[in-house]
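Reader: I am new to this structure and would like to know what stands behind the words used for it. Could you show it to me and take my questions one by one?

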Amino acid sequence: MKIIFDLFFPIRCFGCGEKKTYSCEKCFLKIPRFQEAPMETQLIAAAPFVEKSFLSKLIHHFKYDGIRDIGPRLIELLPPPPFPPKSALVPVPLHWRRENIRGFNQSVILAHALAKKSKCAVLDFLKRHRFTQPQIELPRQKRLTNLHGAFSLKNPLQKLDPTISYFLVDDVSTTGATFTECATVLKNHGAKNIRGIVIARTL
């Protein structure tokens with residue numbers, strides 16, 4: 001998909017059109033950022049999500065046009081959090097049907113890009129066993145219940161180490177429902193310290 005996309009749409013900054021990059025330094029530095037969140041914050045977000053903004057365009061082309069190179073670039077928005085000594089990154093899973101259509105899980109790419117900076121392990125042990133409508137397409141009230149019971153561990157008998165700090169990794173948080181549902185699964189299997197890291201959060 002990426003080869004076809006590059007053929008018909010040569011690599012240009014989605015902000016200003018500069019050639020040979022999807023995100024030039026000038027446009028990238030203009031992305032509004034949240035102030036650095038303390039590690040005690042339950043959900044760490046790099047930037048606000050605003051429809052039709054430069055950041056929203058980057059996330060859209062990353063997820064839906066298969067431009068995986070944008071993933072590591074998005075991670076640069078996050079200041080390196082001071083991870084506790086025993087920490088692990090847990091990608092938020094896609095349902096297998098959606099992942100087959102897309103060809104990848106964007107959260108896995110983000111988690112591995114962050115792992116290179118943080119030296120944390122990536123533990124891809126969550127699964128989404130119920131197919132759900134994308135949160136971004138739903139009104140707020142339905143987002144709160146759309147994901148209820150949609151996640152589980154790939155190994156239902158697995159016990160998690162309570163001394164490890166688990167960081168759920170995703171691209172966008174709308175209501176926080178995804179984080180809450182995934183965190184509940186981890187807690188039910190023994191995790192004690194759970195936080196989330198996302199690129200963008202809706203205001």
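Reader: What makes Glu76 and Arg73 a salt bridge?

Author: Happy to start there. This is a predicted model, where local features need pLDDT of at least 70 and side-chain atom pairs count only at pLDDT 80 or more, while totals for chains, interfaces and linings use all residues. Residues are numbered from 1 along each chain as its sequence is written, and side-chain values use heavy atoms, with hydrogens and water left out. A salt bridge is a side-chain nitrogen of Lys or Arg within 4 Å of a carboxyl oxygen of Asp or Glu. The closest N and O atoms of Glu76 and Arg73 are 2.6 Å apart, so the pair counts as a salt bridge. Glu25 is linked with Arg73 and Glu76 in a network of salt bridges.

Reader: Why is Arg73 called buried, and why is Glu76 called partly exposed?

Author: Buried means under 20% relative accessible area, exposed over 50%, and partly exposed in between (1.4 Å probe, protein chains only). Arg73 has 14% relative accessibility, so Arg73 is buried. Glu76 has 43%, so Glu76 is partly exposed.

Reader: Which salt bridge partner does Asp171 have, and where do the two lie?

Author: Asp171 pairs with Lys63, and their closest N and O atoms are 3.0 Å apart. Asp171 is in strand S6 and Lys63 in helix H3, 108 residues apart. Helices (H or I, at least four residues) and strands (E, at least two) are DSSP runs, numbered from the N terminus. Asp171 is buried because its relative accessibility is 2%, and Lys63 is buried because its value is 13%.

Reader: How do you know that H3 is mostly covered?

Author: Eight of the 11 residues in H3 (residues 54-64) are buried. Among them are Phe54, Leu55 and Phe62.

Reader: What makes a group of residues a nonpolar core, and which members touch the most others in the largest one?

Author: A nonpolar core is a set of buried Ala, Val, Leu, Ile, Met, Phe, Trp, Tyr and Cys residues joined through side-chain atoms within 4.5 Å. The largest such core has 38 residues, and Leu55, Leu74, Leu89 and Ile199 touch the most other members. Helix H6 (106-118) is one of the elements that give two or more residues to this core, and H6 gives the most, with six residues.

Reader: How many disulfides does the structure hold?

Author: A disulfide is a pair of cysteine sulfur atoms within 2.5 Å, and the structure holds zero. Cys182 is buried because its relative accessibility is 0%, and Cys120 is buried because its value is 11%.
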